[in-house]
Amino acid sequence: MAGSSHGHTPAAWTGVIIAFIGFCVAGAFMVMAQPVGFWAGMALTLLGGVVGGIMRAMGLGQPKQARALPHTAPAATREPAAAES
């Protein structure tokens with residue numbers, strides 16, 4: 001996967017960072033037994049996905065046609081033998 005550009009876009013980085021912060025907030029409030037804070041963190045986690053999707057729609061994500069196709073060798077064909085005259 002090192003050769004691909006999977007996820008190396010501003011939309012992906014921003015969405016994942018927001019979702020990670022939301023996950024950490026939800027986890028901390030879950031340990032502290034504070035349901036309101038937990039659900040706020042979960043909402044923040046979902047917001048990360050929404051923000052990433054909006055940024056991708058704005059053109060800051062991976063373009064659809066840029067998918068890398070696996071490299072295949074050309075098919076070997078047999079040419080007819082040349083007739084000697």
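Before anything else I needed the burial words: buried means under 20% relative accessible area, exposed means over 50%, and partly exposed is in between, with a 1.4 Å probe and protein chains only. I then noted that Ile54 counts as partly exposed, because its relative accessibility is 47%.

Note on what I'm using: this is a predicted model, where local features need pLDDT of at least 70, side-chain atom pairs count only at pLDDT 80 or more, and totals for chains, interfaces and linings use all residues. Residues are numbered from 1 along each chain as its sequence is written, and side-chain values use heavy atoms, with hydrogens and water left out.

**Entry: the whole chain.** I looked up the helices and strands, which are DSSP runs numbered from the N terminus (H or I and at least four residues for helices, E and at least two for strands). The chain has two helices and zero strands. Of its 85 residues, 13% count as buried. I also looked up the accessible surface (Shrake-Rupley method, 1.4 Å probe; for residues, only the protein chains shown count as cover). It comes to about 7,200 Å² for the chain, and 70% of that belongs to carbon and sulfur atoms.

**Entry: the two helices.** How do the axes of α1 and α2 cross? For axes I take lines fitted to C-alpha atoms, for helices over the stretch in contact, with angles from 0 to 180 degrees between N-to-C directions. Helix α1 covers residues 10–31 and helix α2 residues 35–60; their axes come within 7 Å and cross at roughly 175 degrees. So α1 is roughly antiparallel to α2. The cut-offs are under 35 degrees for roughly parallel, over 145 for roughly antiparallel, 65 to 115 for roughly perpendicular, and oblique for the rest.

I sorted the residues where α1 meets α2 and got 17 nonpolar, eight polar and one charged. Here Ala, Val, Leu, Ile, Met, Phe, Trp, Tyr, Cys and Pro count as nonpolar, Asp, Glu, Lys and Arg as charged, and the others, Gly among them, as polar.

**Entry: pairs across the helices.** Ile17 sits in α1, and its C-alpha is 7.4 Å from that of Gly48, 31 residues away in sequence. Ile17 is partly exposed because its relative accessibility is 44%. Back to Ile54, which is in α2: its C-alpha lies 9.6 Å from that of Gly15, although they are 39 residues apart in sequence.

**Entry: the loop.** Ala33 lies in the loop between α1 and α2. Its phi is near 55 degrees, a positive value in a residue other than glycine. I reminded myself that most residues other than glycine have a negative phi. Ala33 counts as exposed because its relative accessible area is 60%.

Entry: What does Phe29 touch, leaving aside neighbours within four places in sequence? With contact meaning heavy atoms within 4.5 Å, I found Gln34, Gly37 and Phe38. Phe29 is in α1, and Phe38 is in α2. Not counting residues up to four places away, Phe38 touches Ala26, Phe29 and Met30.

Rings of Phe, Tyr and Trp (its six-membered ring) pair if their centres lie within 6.5 Å; planes under 30 degrees apart are stacked, over 60 edge-to-face, and the rest tilted. I counted one aromatic pair by this rule. Phe38 and Trp39 form it, edge-to-face, at 4.9 Å centre to centre with 75 degrees between the planes. Trp39 is exposed, because its relative accessibility is 56%.
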